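Please read it alongside the sequence and the model.

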Amino acid sequence: MKRRDFIRLSVGFAGVATLPPISAALGQSKAVFKASDVQPPGYPTVAATENLGKKLAAATNGRLSIQMYPSAQLGGEKETIEQTQIGAIQMLRVSAGALGPIVDDVNVVNMPFLFKSIEHSEKMMDGSIGQDLLDRVSANASANLVALCWMNSGARSIYNTKKPIRTVEDVKGLKIRVIGNPIFIDMMNALGGNGVAMGYDQVFSALQTGVIDGAENNPPSYVFSNHYTAAKYYSLTQHLVIPEILVFSKRSWANLSTDDQTLIKKFAREAQMEERELWKAYEREAIEKAKAGGSEIVEIANKAPFQKAVKPVWDKYGPKYQEMIKRIQDIA
């Protein structure tokens, strides 16, 4: 079945997975929410969403539950965002990088070297700025999404099949896959590489066949999607700290009672904190597995040349997000 046909079919059955308008008479209607993630089973975002579903089922005596579809079973991030917008999927974990072209406010967290550390990004997610950005996603009329919570995804670094990257000059000429967002394409080009926009689900085969020379992502994605078996050089540039966002279809959300919406938001907030702890352990495991598999992990002692190289990206996009950038940078 072609993906577009799947989407049409899913829309036809979307009502099966969503609740009718809640009333006293319909308050006990059952609903199984489809949840999608491009990452494999056991990945922190997958596990945290599954735990959310277990809590929801327990709290509602099975009236509301979640069926997880990991490993891009329902499509890549672009396709599953579209399916969530139309209500064929109810819950989706998506990178802020992929969401940025749809909700421009989110692009502020996609700026290279914005965060001073992972801890800095966590303070943003947990505080008023994080809630403000989630609210902006939910308020965006064309997005048709309700943003529930943030999830950690660590720092992104460059890996490739050709050579270890130790200096910014080493990036020159390499075809590097990035998320399909103009900021990331411009960023990779500014570093001297050739930014290639490509779906996450296509990266492994593209590395194997030489369509691309490398990609950039966090250690768990590098390892547990088997990219490390094709690209042995992983250089800790840590040029991006892009959080993930758990979203809900606004079409399906409108059919829930206020109490059910409140319950889902409560468990989502708990999932935000649970995923963080899962992430830390998973990241350590990924680095160890990469080393054991023969990957060369390259430390970058001086990131200043990389930061200097992306100045054109800040000159181009920074003024638009100036106020929010200042708020983030002022976080103590």
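Helices (H or I, at least four residues) and strands (E, at least two) are DSSP runs, numbered from the N terminus. The model is predicted: local features need pLDDT of at least 70, side-chain atom pairs count only at pLDDT 80 or more, and totals for chains, interfaces and linings use all residues. Residues are numbered from 1 along each chain as its sequence is written, and side-chain values use heavy atoms, with hydrogens and water left out.

**Largest pocket**

- The largest pocket holds about 330 Å³ of space. A pocket is an open set of points on a 1 Å grid over the protein atoms alone, where a 1.4 Å probe fits, with protein on both sides within 12 Å along at least five of seven lines; lining residues have an atom within 4 Å of a point. Grid points are joined across faces, edges and corners, and the volume is the space filled by probe spheres set on the points.
- The lining has 18 residues, of which E77, K78, A98, G180 and G199 are the closest to the pocket centre.
- Helix α3 (77-86) and helix α4 (96-99) each supply at least two lining residues, and α3 gives the most, with five.
- By class, the lining has seven nonpolar, five polar and six charged residues. Ala, Val, Leu, Ile, Met, Phe, Trp, Tyr, Cys and Pro count as nonpolar, Asp, Glu, Lys and Arg as charged, and the others, Gly among them, as polar.

- In α3, residues E77, T80, I81, Q83, T84 and Q85 are buried (under 20% relative accessible area, 1.4 Å probe, protein chains only).
- S36 belongs to strand β1 (residues 31-36) and counts as buried because its relative accessibility is 2%.
- Leaving aside residues up to four places away in sequence, S36 touches M68, Y69, L74, T80, I89, M91, L92 and R93 (contact means heavy atoms within 4.5 Å).

**Helix pairs**

- Helix α5 (residues 118-126) packs on helix α11 (residues 258-292) at about 170 degrees, with the axes 12 Å apart. This angle makes α5 roughly antiparallel to α11 (over 145 degrees). Axes are lines fitted to C-alpha atoms, for helices over the stretch in contact, and angles run from 0 to 180 degrees between N-to-C directions.
- E122, M125 and D126 of α5 meet R269, Q272, M273, R276 and K280 of α11; the contact has two nonpolar, one polar and five charged residues.
- Helix α6 (residues 128-139) and helix α14 (residues 322-329) pack at about 150 degrees, with their axes 10 Å apart.
- S128, I129, D132, L133 and R136 of α6 make this contact with M324, R327 and I328 of α14; its classes are four nonpolar, one polar and three charged residues.

Definitions and conventions: Angles under 35 degrees count as roughly parallel, over 145 as roughly antiparallel, 65 to 115 as roughly perpendicular and the rest as oblique. Buried means under 20% relative accessible area, exposed over 50%, partly exposed in between (1.4 Å probe, protein chains only).
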